[in-house]
Amino acid sequence: MHTDFGTCYQAATDKDRRYDGQFVTAVHTTGIYCRPSCPARLPHAENVSF
């Protein structure tokens with residue numbers, strides 16, 4: 001499990017499948033969560049938790 005915000009955000013930015021199953025991206029403004037390789041648009045950094 002990754003706890004470093006920068007690493008997680010970069011993996012989500014790159015849509016890196018290697019991180020699937022290690023964390024999810026939770027979006028505060030919409031209540032949606034997604035795996036790192038999710039094809040959806042990346043939310044702003046201030047709106048997410050991992």
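Among the contacts in this chain that join residues at least 6 apart in sequence, 35% link residues at least 24 apart, where a contact means heavy atoms within 4.5 Å. The structure is a predicted model, in which local features need pLDDT of at least 70 and side-chain atom pairs count only at pLDDT 80 or more, while totals for chains, interfaces and linings use all residues. Residues are numbered from 1 along each chain as its sequence is written, and side-chain values use heavy atoms, with hydrogens and water left out.

The chain contains 1 helix and 3 strands, which follow one another along the sequence in the pattern α-β-β-β. The radius of gyration of the chain is 9 Å, close to the 10 Å that the globule rule gives for 50 residues, so the chain is as compact as a globular protein of that length. That radius is taken over C-alpha atoms, and the rule is 2.2 Å times the number of residues to the power 0.38. Helices (H or I, at least four residues) and strands (E, at least two) are DSSP runs, numbered from the N terminus. Along its principal axes, the C-alpha trace spans about 25 × 20 × 15 Å.

Of the 50 residues in the chain, 30% are buried, a word that here means under 20% relative accessible area, with exposed meaning over 50% and partly exposed in between (1.4 Å probe, protein chains only). The chain exposes about 3600 Å², and carbon and sulfur atoms supply 53% of that area. One of the buried residues is N47, with a relative accessible area of 19%, which lies in the loop between strand 2 (33-34) and strand 3 (48-49). Not counting residues up to four places away in sequence, N47 touches A26, V27, H28 and T29.

Charged side chains are the next topic. The chain has 5 positive and 5 negative side chains, and the centres of the two sets lie 9 Å apart; Lys and Arg count as positive and Asp and Glu as negative, without His and the chain ends. Side chains of opposite charge can pair when their charged atoms come close. A search of the whole structure finds 2 salt bridges, each being a side-chain nitrogen of Lys or Arg within 4 Å of a carboxyl oxygen of Asp or Glu.

In one of them, the side chains of R18 and D16 meet at 2.6 Å, N to O. R18 is exposed, with a relative accessible area of 66%, whereas D16 is buried, at 14%. The side chains of D20 and R35 also meet in a salt bridge, at 3.8 Å, N to O. D20 lies in the loop between helix 1 (5-14) and strand 1 (25-27) and R35 in the loop between strand 2 and strand 3, so this pair ties together parts that are 15 residues apart in sequence. D20 is partly exposed, with a relative accessible area of 26%, and R35 is partly exposed as well, at 44%.

The loop between helix 1 and strand 1 also holds D16 and K15. Leaving aside neighbours within four places in sequence, D16 is in contact with A11, P36 and S37. D16 and A45, which are 29 residues apart in sequence, are 17 Å apart in space, C-alpha to C-alpha. Most residues other than glycine have a negative phi. K15, although not a glycine, has a positive phi of about 55 degrees, and this residue is partly exposed, with a relative accessible area of 30%.

How values were computed. Areas by Shrake-Rupley, 256 points an atom, 1.4 Å probe, with all protein chains shown as cover. Charge placed at Lys NZ, Arg CZ, Asp CG, Glu CD.
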